[in-house]
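Here is a short tour of one protein chain, written for someone who likes to know the cut-offs behind each term. Have the viewer open as you read.

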Amino acid sequence: MMKKSLLAMMSVMIFVLLTAAVQLPASQTTASVIEKSDLVALKVENDSTSTAYLWLDGPAFYYFVIKPGETKTFTVERGEYDKDVNYCGARDSSTIDLTKHTKLLLPVCGANALNPPTSPHIVNITNTLKIVKVTLTNELDSNVFAIFTGPSTYVFTLDRDESKDYTIAKGDYEVRYFACGKFGIREFSAFHNRVMKFKCPK
């Protein structure tokens, strides 16, 4: 009788031990869920006619390309990042909080987003990067080669009697240019619809 009781007790103990051992896969599943929760979605909406290049440097490093008129969703590690965005001929370096699912808006070049975002996780790039349309006009009997140095750096060439519209970062520039067989230096403040006419350097 005692042997039967002993066997019964041993059977119960073996069952308990086996049941405890089965919990390991469940804990691995839990760890997997925690790892997945460390990822967030970054949706980038490029409404411009310019290809956008996006670099993120933080908990991990990412490089993304978003074509004109394209909307893409990327999965990244949760955290805060230093971001560099190159679009519409200008570059923005700032920080972005990716601790939650976030949307990054890239409006039409030189314009603001139609509906200003009300959430901190809807980021309008024009809050940190101001892009304006300017017109460069060459009324000379000479081609113009110009380098604009300021908020961003640009290189432009204009044929004689040519006028072109560009979108550039808003701000003050030093313009070094070659025309009429001479080099010249000018100052230029870029704001919306500003026109710059080139003259022969003195």
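A contact, or touch, means heavy atoms within 4.5 Å. With that in hand, Thr135 touches Ser163, Lys164, Asp165, Arg194, Val195 and Met196, leaving aside residues up to four places away in sequence.

## Ground rules

This is a predicted model, in which local features need pLDDT of at least 70 and side-chain atom pairs count only at pLDDT 80 or more, while totals for chains, interfaces and linings use all residues. Residues are numbered from 1 along each chain as its sequence is written, and side-chain values use heavy atoms, with hydrogens and water left out.

## The chain overall

The chain has 2 helices and 15 strands; these are DSSP runs numbered from the N terminus, with helices (H or I) of at least four residues and strands (E) of at least two. Of its 202 residues, 35% count as buried, meaning under 20% relative accessible area, with exposed over 50% and partly exposed in between (1.4 Å probe, protein chains only).

Among contacts with a separation of 6 or more, 48% link residues 24 or more positions apart.

## The nonpolar core

A nonpolar core is a set of buried Ala, Val, Leu, Ile, Met, Phe, Trp, Tyr and Cys residues joined through side-chain atoms within 4.5 Å. In the largest one, which has 47 residues, Leu54, Leu56, Tyr87, Phe148, Ile168, Val175 and Phe198 touch the most other members. Beyond residues up to four places away in sequence, the neighbours of Leu54 include Leu42, Val44, Tyr62, Phe64 and Leu104, along with Lys83 and Asp84.

In soluble globular proteins, nonpolar side chains tend to be buried together.

## Thr135 in strand E9

Let's return to Thr135, which lies in strand E9 (residues 131-138). Thr135 counts as buried because its relative accessibility is 14%. Its side chain makes a polar contact with the side chain of Asp165 at 2.6 Å. A polar contact is a pair of N or O atoms within 3.5 Å; within protein, one must be able to donate a hydrogen and the other to accept it, and residues adjacent in sequence count only if both atoms are side-chain atoms.

## Pro201 after strand E15

Where does Pro201 sit? Pro201 is in the segment after strand E15 (194-198), and at 7% relative accessibility it counts as buried. Pro201 and Gly184 are 17 residues apart in sequence, yet their C-alpha atoms are 4.9 Å apart in space. Besides Gly184, Pro201 touches Tyr177, Ala179, Cys180, Lys182 and Phe183, not counting residues up to four places away in sequence.
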